Amino acid sequence: MVQKVQITIDGKSIELNVLEASEGNNVVDVRGLIAEGIFTYDPGFLSTASCDSKITYIDGDAGILLYRGYAIEQLASQASHLEVCYLLLNGELPSSTQLAEFDASLKDKQTVDKQFQQIFNGFARGAHPMSMVGAAISGLASLYHESTDITDAENRKTTAQRLIAIIPTIAAMAYKHGRGETFVEPDPSLGYAENFLNMCFGETGKPSTISPVIAEAMDKIFILHADHEQNASTSTVRMAGSTDCNPYAAISAGVSALWGPAHGGANEAVLDMLMEIGDVSRVAEYVEKAKDKDDPFKLMGFGHRVYKNFDPRAKVMESYCAAVLAERGVENDPLLKIAKALEKIAREDDYFISRKLYPNIDFYSGITLKAVGIPTELFTVIFTLGRMPGWVTHWDEMLSAPYKIARPRQLYLGEHQRDFIALDAR
Ligand code: ACO
């Protein structure tokens with residue numbers, strides 16, 4: 001049955017359609033309100049759907065995350081990241097032939113043009129790798145001309161695949177540049193995650209020495225980050241893309257949005273926080289700081305806009321985190337001890353329980369990445385790498401159907417019109 005919502009504006013009754021979701025909340029279609037001379041007000045999009053989408057579904061209360069209808073737990077335990085990328089982009093899981101073709105197509109696109117590699121030399125050694133990654137992605141617009149015709153579905157597919165293929169190379173280059181080390185060429189004989197790790201820690205022409213446990217954990221980190229419906233960075237990609245800008249420009253806008261500590265920067269912030277706490281004996285003091293309304297400090301890696309239950313990705317990550325710690329023999333690392341103590345206290349404290357603040361994926365991915373040997377400043381880059389399939393899929397979904405430039409309205413609270421006062425009269 002078609003649902004309707006009735007509102008009254010200045011005594012006039014207006015009927016609004018309710019659009020039915022295949023899962024989750026239905027939405028009130030307010031598009032007709034502009035004709036009534038009124039807008040809706042929802043800073044931070046707490047109650048507003050900015051688009052329709054068939055890619056990812058989250059039930060934050062139940063702790064459910066589905067990519068194209070498949071539960072994240074099943075994908076993380078049974079699929080590779082490449083299968084997940086294919087699933088997101090194409091809507092269905094690949095057959096083995098489709099997967100092999102997809103893999104080959106990606107491997108064809110993973111090398112960064114030699115001259116373009118010079119872009120990294122413009123950055124100081126200490127530059128944050130997110131600034132290098134954002135600039136490099138934006139700069140790719142200068143190289144690939146198929147990206148200029150975004151109305152062509154084949155071109156969009158090529159661009160999407162290129163971005164998924166090239167982001168590990170760019171991420172590893174940002175890491176290597178920061179350390180003043182020579183870039184390592186992609187090795188097409190390696191899987192997606194192992195190739196990335198090898199470009200960070202290996203040498204060109206030498207066989208990979210990356211442990212399978214570490215490569216698998218990295219592959220899982222990528223799967224768990226691959227998409228998360230209309231999060232801040234994905235919405236940014238859609239918003240920038242809605243202007244018909246070059247896709248590399250739209251994706252680099254997403255990189256910028258992801259960088260913030262309230263979003264992708266949280267995994268880095270978790271480690272910074274653990275270092276600041278410094279000792280297990282100070283954990284209780286920091287929990288009190290997080291609860292103090294007069295103190296801006298928050299427990300990084302706790303809470304989520306959508307999950308008001310355990311983040312299902314955090315549960316999966318917890319088990320891979322344990323495997324990596326065991327493999328590296330670092331279960332007794334002092335920072336990890338602080339993390340465990342923090343998690344225990346926060347999960348028993350009424351402040352966190354009543355506000356449904358659970359550890360999120362960043363809490364465990366930060367600890368795992370540290371054990372893998374990834375430097376803290378590269379954590380958000382890893383998130384960028386993982387989120388790439390989601391960004392390009394959302395961008396492609398938007399462009400595959402009619403869309404409008406994203407242009408929000410505002411509630412203006414400024415001055416009424418007034419006369420200009422000449423400089424000497426002020
Ligand atoms: N530590 C202490 N208190 C918190 C925390 C936290 N990490 N997170 C939320 N709260 C409190 C708020 O102060 C607020 O308290 P109040 O009701 O007494 O005012 C209440 O919990 C609700 O929080 P909001 O800020 O309204 O929640 P919102 O949905 O706007 O924010 C966010 C979610 C940004 C993730 C927030 O929880 C946060 O800053 N967490 C820490 C950063 C982090 O881990 N970010 C990663 C997000 S996940 C991701 O990007 C993969």
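Ile9 has Lys12 of strand β2 as its bridge partner, in what is a predicted model. Strands here are DSSP runs of E of at least two residues, and helices are runs of H or I of at least four, numbered from the N terminus. Two strands count as paired if DSSP finds at least two bridges between them.

β1 and β2 run antiparallel and are joined by six bridges. They form a hairpin with two residues between them, and Asp10 in that turn has a positive phi of about 50 degrees. The open sheet to which they belong has three strands in the order β1-β2-β3, with antiparallel pairing. Its edge strands are β1 (4–9) and β3 (27–28), each of which pairs on one side only. Strand β2 (residues 12–19) is joined to β3 by two bridges, and Val18 has Val28 in β3 as its bridge partner.

Local features need pLDDT of at least 70, side-chain atom pairs count only at pLDDT 80 or more, and totals for chains, interfaces and linings use all residues.

A second hairpin consists of β4 and β5, with four residues between them. Gly63 in the turn has a positive phi of about 70 degrees. Strand β4 (residues 56–59) and strand β5 (residues 64–67) pair in the antiparallel sense over four bridges, and Tyr57 stands opposite Leu66 in β5.

I turn now to the helices. Which residues of α3 are buried? They are Phe102, Ser105 and Leu106, where buried means under 20% relative accessible area, exposed over 50% and partly exposed in between, with a 1.4 Å probe and protein chains only. They cover an arc of only 95 degrees around the axis, which puts them on the same side of α3; the arc is that of the directions from the helix axis to the C-beta atoms. The face turned away from this buried side carries the exposed residues Ser96, Thr97 and Glu101. The buried residues of α3 pack against α2 (81–90) and α5 (153–179), contact meaning heavy atoms within 4.5 Å.

Finally, the axes of helix α10 (residues 266–277) and helix α15 (residues 361–372) come within 8 Å and cross at roughly 70 degrees. Axes are lines fitted to C-alpha atoms, for helices over the stretch in contact, and angles run from 0 to 180 degrees between N-to-C directions. In α10, Ala266, Asn267, Val270 and Leu271 meet residues of α15, including Phe363 and Ile367.

Definitions and conventions
Residues numbered from 1 in each chain as written. Heavy atoms only, no water.
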